[in-house]
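Reader: I have a new structure here. Can you walk me through it?

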Amino acid sequence: MRKEEVIERIEGAFGANSYPGDGFLQGSFQGCEPAEEAGAFMGKSEWRALDSKMLDQHYNALSFFSEAGFRFFLPAYLIADVREELLTADPLFHLCHGFASASVEIPVGFQTFSRGAGGTKLLNPRLYGAMTWSDYARHRLSIFTREESQAIVAYMAYKRGRETANLDKARIDAALEQFWNDRAQNAPSREALEAHLKEEERFVAELRARRGDEK
């Protein structure tokens, strides 16, 4: 798929998404950095208008966004990446990280410790109990509709075709095989999300109407 086709897929899949609102952009509240990074995007309700330099300056925002913020602003990063306008931000990492297992042996004194991440490795038992890296990645990335997931798969396939490092290809392949290919086929569609929202609105409206009648 050519660069222009990938960009068109991304714009078509994400273009109709609504801005979550200033109060719903920040996902992490540990330390001051999450507020600084997510705060830089407050009021920016048109992701297409974001400058690539601004995205690069706030590459850490991809780690600190709420799920709603991540879903809304990700396409800006993806398109800037396809256009090769990013120097620091790495949206591909956030779509692949957690699936492929990696470990390193570290000698400490007379002992050697295996330190790893990804796959079935535990994330952080003190905070997340028995959650693995793969569990967390699936939770974080399950926000995307079928159409959005298909656009992400197109982006990842495009990136894979341009990668020369086997490590990067292995990470992409693991993420596609373990999550994205299935998500692109079986995730709820945009139509299903819209139908759900309309049904919720009808339900709430009916409740309010009945409460008004009771008064």
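Author: Here is a short tour, starting with the model itself. This is a predicted model: local features need pLDDT of at least 70, side-chain atom pairs count only at pLDDT 80 or more, and totals for chains, interfaces and linings use all residues. Residues are numbered from 1 along each chain as its sequence is written, and side-chain values use heavy atoms, with hydrogens and water left out.

Reader: How many helices and strands does the chain have?

Author: Eleven helices and two strands. Helices (H or I, at least four residues) and strands (E, at least two) are DSSP runs, numbered from the N terminus. The order along the sequence is α-α-α-α-α-α-β-β-α-α-α-α-α.

Reader: What does the C-alpha trace span?

Author: About 75 × 45 × 35 Å along the principal axes of the chain.

Reader: At what angle do helix 1 and helix 5 pack?

Author: About 170°, with their axes 10 Å apart. Axes are lines fitted to C-alpha atoms, for helices over the stretch in contact, and angles run from 0 to 180 degrees between N-to-C directions.

Reader: Which residues make that contact?

Author: Helix 1 gives Lys3, Val6, Ile7, Ile10, Glu11 and Phe14. Helix 5 gives Arg71, Pro75, Leu78, Ile79 and Val82. Contact means heavy atoms within 4.5 Å.

Reader: New topic. Which strand has Val104?

Author: Val104 is in strand 1, which covers residues 102-108.
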